[in-house]
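Biologist: Could you walk me through this one? I have not looked at it before.
Modeller: Gladly; have the picture open while we talk.
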Amino acid sequence: MAPLDRANVDTDAIIPKQFLKSIRRSGFGPNLFDEWRYLDHGEPGMDPAQRTPNPEFVLNLPRYRGAEILLARANFGCGSSREHAPWALQDYGFRVVIAPSFADIFFNNCFKIGLLPIVLPEDAVERLFREVLAEGAEGYRLHVDLARQSVETPAGMAFSFEIDPYRKHSLWNGLDEIGLTLQHADEIAAFEARHRAAQPWLFSGQAAQAPGSRQASSDIPSTR
Amino acid sequence: MQATLYDKLWRSHVVRQATDEPDGMALIYIDRHLVHEVTSPQAFEGLKLAGRKPRRLDSILAVADHNVPTTGRGGGIADPVSRLQVETLDRNCDELGITEFRMDDRRQGIVHVIGPEQGATLPGMTVVCGDSHTSTHGAFACLAFGIGTSEVEHVLATQCLLIKKSKSMQIRIEGGLARGVTAKDIALAVIGRIGTAGGTGHAIEFAGSAVRALSMEGRMTLCNMAIEAGARAGMVAVDDTTLEYLRERPFAPRGALWEQAAAYWRTLGSDPEAVFDRTIVLDAARIEPQVTWGTSPEMVASIDGRVPDPSQIADATRRHDMEHALEYMGLAPNMPITEIRPDKVFIGSCTNSRIEDLRAAADVVRGRHIAGSIRLAMVVPGSGLVKRQAEQEGLDQVFRAAGFEWREPGCSMCLAMNDDRLLPGERCASTSNRNFEGRQGPGGRTHLVSPAMAAAAAVTGHFVDVRKMD
Ligand code: SF4
């Protein structure tokens, strides 16, 4: 487990925007926490091996190499909706992030890709920080049990965590969420028909009124 | 049962509950899907790989905004990586038949500016976009929130999303704002009060006489920053101001359909006895112009305040964060906010790039010139149509005469994905929404302010109370 001892870690810090220009879904791991992790400025396409790591950044300390759990502080993942943030954490090798709280969109995005965000109480997180940062705690490992919804320390202390049953089921089975939703195509169609009857203007061919052509006949009424 | 606006919007979109729990995950129908180039390519690719097609093309409106240059558009996009991303959006929209405002379309602009401007954002809708500032659209009494790329693909394929209902929070701002105090100052004051995680897990409804008195532009600014308070969605009830703004917009209904829609829209507010999980009340008269001093929007002070002193903070984590922020920002504890001197000024972003924002800034700038210490002051209108309207009103001339650059629309230096960015150590008075480390360029230092306050800083060379300028 690797400890990141800062509150309000935002998605710009997790994966800076220059890497968002990629049209791919993978390959973000080397640029996870780029501005903290390297002393030089990173741009897409640079070879990580040629860059200067910041020896003080926690992920660069040998004792945390290979960590699969990230321990973080409150409001982790605040800021933008970029799924590139969980992609980068996962691509780096993290499978679980533990924090006292997460930003909503980030939290939600994690489940979509099978990265598990775990909320533990403030004092439990504090305790984990103390233990993992302690002298001689190299190789500190937590045991995360999704089925039992518990996190266990090497000394055998267990903390339980909450997870929505639907999300747990999906994580467990690695389900294709779109495929699952499409199984309810009839219900969606029925809803759509009711919705259209109630609010026909939502279906009144908006695209036809404002075609994608370069010369729209009317633009907008000017604002007072 | 008395319902909140959020309850009404939620209930009218539930396709089915995903589990037996009443507040568990539910499948929600999506009416409007806004798309931009950064968060969509992987979704389109996923769709294609699975052999799926968008379910409702007429629900989608796409635009390139994050990567587009704000100068010399004729020459295309110089950065090959940015260019590829924009071209990928163009190609996906062409192939699938999605309406897109391309870079050379005069309606192009920031996705959260053009949605409302076109009337593509309507009351009672669910509006999503792969972008956290989708909360902006809630100003129109719709349920609007940002989603990740997997969800973009999910909405494309199914017109639905699986989400959990949030808790509700009402933020009431009562009374009259002082002259020179704007929606941006309300937003920053709210975040200063409840913190950047204060709204986490909640949908915020902004209410109260000060909110009702705001224009749609102001309400959008306020809802835009709901996400900076941790809330995925912000919203404001429908009133005459809402309807006036929407009338005759290209995507808005007309004739009898308009009348029918407007009658329904008028029901879109919280019932008088509706119960919120949390309520916060602020006195508008006590809100002063705000300036952020740190690296999170909650690190904010009034213009007559000072940079805080970490040594006065008992909580170790908070003290440590504050010290770190002051070091990054190059500021000393207890320094008066009015002594902070920006190097650059950026007026733009989906928070503050609409016509009213440009007018407010121009009013301060008119007849003055930017201070000698300002290296660059730029205005980036939120859309091509905002730009044109501003030009018709002569605002571009006011800015140009004062030494500002007048640019093409886009996200620009809000997040510096194009060429507009701060150099390491540079300090910026910015009307955008995030002052995170490196947001406006690596090592750049951002101070969030209203357009009038940014303009005042530009012409004086330091932050100054805009109420004291005449
Ligand atoms: S202007 Fe800034 S905050 Fe708004 S959509 Fe663009 S990058 Fe995001």
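Biologist: Which element gives the largest share of the lining of the second largest pocket?
Modeller: Bear in mind that this is a predicted model. The largest share comes from H11(B), which contributes four residues to that lining.

Biologist: What else lines the second largest pocket, and which residues lie nearest its centre?
Modeller: The elements that give two or more residues to the lining are helix H2 (34-37) of chain A and helix H11 (316-329) of chain B. The lining has 27 residues, and those nearest the centre of this pocket are A:Arg6, A:Glu35, A:Trp36, A:Asn54 and B:His324. By class, the lining residues divide into 13 nonpolar, five polar and nine charged, and the space in the second largest pocket is about 770 Å³.

Biologist: And what volume does the largest pocket have?
Modeller: Its volume is about 1100 Å³, and 39 residues line it, with B:Lys164, B:Lys165, B:Ser166, B:Lys167 and B:Gly201 lying nearest its centre. Sorted by class, the lining of the largest pocket holds 16 nonpolar, nine polar and 14 charged residues.

Biologist: Which elements supply at least two residues of that lining?
Modeller: From chain A there are helix H4 (104-113) and helix H6 (165-173), while chain B brings helix H1 (5-11), strand S7 (143-146), strand S8 (160-164), S9 and S10.

Biologist: S9 and S10, then: what order do the strands take in their sheet?
Modeller: They belong to an open sheet of four strands in chain B, ordered S11-S10-S9-S12, and the pairing is parallel. At the edges are strand S11 (233-235) and strand S12 (278-283) of chain B, each of which pairs on one side only. From one strand to the next, the twist averages 20°.

Biologist: Over how many bridges do S10 and S11 pair?
Modeller: Strand S10 (residues 202-207) of chain B and S11(B) pair in the parallel sense over three bridges, and within S11(B) the bridge partner of B:Ile204 is B:Gly234.

Biologist: Which helix lies across S9 and S12?
Modeller: That is helix H6 (residues 183-194) of chain B, which lies across strand S9 (167-174) and S12 of chain B and runs at about 125° to S12(B).

Biologist: Back to H11(B) for a moment: which strands does that helix touch?
Modeller: To place them, there is an open sheet of five strands in chain B, with the order S17-S16-S15-S18-S19 and parallel pairing. Its edge strands are strand S17 (405-406) and strand S19 (445-448) of chain B. H11(B) packs on this sheet, touching S18 and S19 of chain B, and its direction makes about 110° with that of S19(B).

Biologist: How do S15 and S18 pair?
Modeller: Strand S15 (residues 344-347) and strand S18 (residues 427-430) of chain B pair in the parallel sense over three bridges, with B:Lys344 standing opposite B:Cys428 in S18(B).

Biologist: What does B:Pro442 touch?
Modeller: B:Pro442, which is found in the loop between S18 and S19 of chain B, touches A:Glu35, A:His41, B:Leu422, B:Leu423 and B:Pro424, not counting residues up to four places away in sequence. B:Pro442 and B:Pro424 are 18 residues apart in sequence, and their C-alpha atoms are 5.7 Å apart in space.

Biologist: Changing topic, which residues are around the ligand?
Modeller: Among them are B:His66, B:His112, B:Asp131, B:His133, B:Cys350, B:Cys411, B:Cys414 and B:Arg439. By class, the shell around the ligand has five nonpolar, five polar and two charged residues.

Key. Residues are numbered from 1 along each chain as its sequence is written. Chains are lettered from A and ligands numbered from 1 in the order in which they are written. This is a predicted model: local features need pLDDT of at least 70, side-chain atom pairs count only at pLDDT 80 or more; totals for chains, interfaces and linings use all residues. Side-chain values use heavy atoms; hydrogens and water are left out. Two strands pair if DSSP finds at least two bridges between them. Axes are lines fitted to C-alpha atoms, for helices over the stretch in contact, and angles run from 0 to 180 degrees between N-to-C directions. Contact means heavy atoms within 4.5 Å. On a 1 Å grid over the protein atoms alone, a cavity is a set of points where a 1.4 Å probe fits but cannot get out, and a pocket is an open set with protein on both sides within 12 Å along at least five of seven lines; lining residues have an atom within 4 Å of a point. Grid points are joined across faces, edges and corners, and a volume is the space filled by probe spheres set on the points. Ala, Val, Leu, Ile, Met, Phe, Trp, Tyr, Cys and Pro count as nonpolar, Asp, Glu, Lys and Arg as charged, and the others, Gly among them, as polar. A residue is near a molecule or strand if one of its heavy atoms lies within 4 Å of it.
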